[in-house]
Amino acid sequence: MTNFAKRMAYMQATADVIRYLFDSMTDPETISFGGGAPAREALPVEHVHDIAAEVLTREKRGVQALQYGNPIGIPELRQAVVERLLAPKGLQSKLEQVLIVGGGIEGLNLICQLYLDPGDVILVESPTFVHAVEVFKMFEARCIACQTDDHGLVIEDVEAKIKQYSPKMIYVIPTFQNPSGRTLSLERRKALAELGSQSDVVILEDDPYAELRYSGEALPPVKYFDQTGHTIFANSFSKIFSPGSRLGYVFADASIVRKLYDAKTATNSHTNVVTQILCAEFFNRGLYDAHLKHICDIHRERRDVMMECIKTKLPAEIKSVYPDGGLFTWIELPEHIDTTELLRDAVAQKVAYMPGREFFVEGQPIRNNCMRISFGGVVPEKIQIGMDRLAHVIKSKL
Ligand SMILES: Cc1ncc(COP(=O)(O)O)c(C=O)c1O
């Protein structure tokens with residue numbers, strides 16, 4: 001039966017590249033800079049083991065863990081979000097403003113359910129996160145790219161495109177952006193929040209990398225500058241706790257969270273209670289601060305090794321972004337090199353990356369000569385070897 005809905009065709013090209021990339025990563029010999037996973041050494045396996053053993057054997061929690069839960073999430077985890085994740089960013093939140101979701105992607109999905117009708121326009125960064133574009137396309141939205149520079153979204157271009165397209169939403173990843181590794185400046189964060197309010201457009205702020213800062217000063221989120229409730233803050237536990245647990249949260253005005261509750265109920269009832277309890281206990285036992293320092297140390301070293309390899313191993317004409325945190329850097333090769341085609345040569349040499357093309361949508365030039373390099377999931381020694389291989393492949397095209 002192949003009579004699929006039209007929306008499946010909109011996302012086919014993107015899905016094909018992602019599938020190819022995942023397939024290439026199953027070869028244990030291949031060093032992959034392709035995925036967006038944190039270091040395996042950054043997963044709190046021991047802590048979760050201890051918590052699970054204790055918590056699940058206590059009768060009441062064991063039953064709670066295996067029973068149906070509340071669509072909004074368990075109060076202990078929502079409280080941890082309010083106190084330990086939002087408050088340190090200067091975001092004052094009441095409990096009823098936080099909804100727990102099954103990972104950051106589900107947060108985006110639910111927000112789209114609230115706001116998008118087919119044909120609605122979403123402004124995005126150029127480049128932007130490929131899976132978010134897939135979600136938007138599933139809602140038959142039209143993604144229009146806005147200009148970016150080293151300080152993130154160019155606000156004048158966003159203003160012009162609001163006038164031209166009357167968008168429903170602006171999607172932004174302000175900190176250590178996926179895929180570029182760039183960070184939106186303080187002034188632009190403020191300007192974007194104000195623009196959302198003035199133009200009555202939803203700002204969908206997706207900020208899963210902000211905690212992973214290895215250098216430079218932390219910046220307040222766009223939501224911090226929001227006076228009118230137009231900014232919705234979506235986040236994930238994938239990079240700071242565990243991606244396999246599939247946990248995330250949305251912080252928004254209580255009236256929006258009530259609607260999200262309805263959409264969540266209709267979608268999948270509630271988020272996995274077992275992982276919610278484990279994660280809540282992880283925070284409430286005070287394990288998070290030391291863990292965050294530990295994972296930042298691991299990823300900082302990988303960032304440093306990667307940036308040194310780019311400087312010393314790749315040809316001088318190649319441009320790259322120096323990220324102050326997160327998991328990615330972005331590389332621009334000479335215009336004539338198509339990184340989607342180059343991936344086959346790279347995989348033959350047992351190294352993989354994410355080609356840049358998939359991160360671009362209409363509204364700005366589609367660039368074929370870029371690649372996203374993820375350093376988070378690769379140990380330093382393998383970063384060296386992988387970058388030797390990649391340098392060899394790139395040099396063969398120059
Ligand atoms: C910008 C951005 N948003 C959302 C997500 C999704 O996170 P999750 O694993 O929680 O679905 C990711 C994951 O890579 C991401 O990079």
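User: How many nonpolar, polar and charged residues does the lining of the second largest pocket have?

Analyst: This is a predicted model, in which local features need pLDDT of at least 70 and side-chain atom pairs count only at pLDDT 80 or more, while totals for chains, interfaces and linings use all residues. Residues are numbered from 1 along each chain as its sequence is written, and side-chain values use heavy atoms, with hydrogens and water left out. Ala, Val, Leu, Ile, Met, Phe, Trp, Tyr, Cys and Pro count as nonpolar, Asp, Glu, Lys and Arg as charged, and the others, Gly among them, as polar. By class, the lining of this pocket has nine nonpolar, two polar and six charged residues.

User: How much space lies in the second largest pocket, and which of its lining residues are the closest to its centre?

Analyst: On a 1 Å grid over the protein atoms alone, a pocket is an open set of points where a 1.4 Å probe fits, with protein on both sides within 12 Å along at least five of seven lines, and lining residues have an atom within 4 Å of a point. Points are joined across faces, edges and corners, and the volume is the space filled by probe spheres set on them. The second largest pocket holds about 340 Å³. Of the 17 residues that line this pocket, the closest to its centre are Pro88, Lys89, Ala210, Glu211 and Ala218.

User: Which element gives the most residues to the lining of the largest pocket?

Analyst: The largest pocket has about 1000 Å³ of space, and of its 45 lining residues the closest to the centre are Phe22, Gly35, Gly36, Ala37 and Lys239. Helices (H or I, at least four residues) and strands (E, at least two) are DSSP runs, numbered from the N terminus. Among the elements that give two or more residues to this lining are helix H2 (12–25), helix H6 (104–115) and strand E15 (370–374). The one that gives the most, with four residues, is H2.

User: How far apart do the C-alpha centres of domain 1 and domain 2 lie?

Analyst: With bounds that come from an automatic or database domain assignment, the protein is divided into domain 1 (11–43 + 290–395) and domain 2 (45–284). The contact between them (heavy atoms within 4.5 Å) takes 36 residues from domain 1 and 41 residues from domain 2. Their C-alpha centres lie apart by 24 Å.

User: How far apart in space are Glu96 and Ala252, C-alpha to C-alpha?

Analyst: Glu96 is in the loop between helix H5 (75–86) and strand E2 (98–101), and at 42% relative accessibility this residue counts as partly exposed. Leaving aside neighbours within four places in sequence, Glu96 is in contact with Arg78, Ala254 and Val257. Although Glu96 and Ala252 are 156 residues apart in sequence, their C-alpha to C-alpha distance is 9.1 Å.

Notes. Buried < 20%, exposed > 50% of the residue type's maximum accessible area, 1.4 Å probe, protein only.
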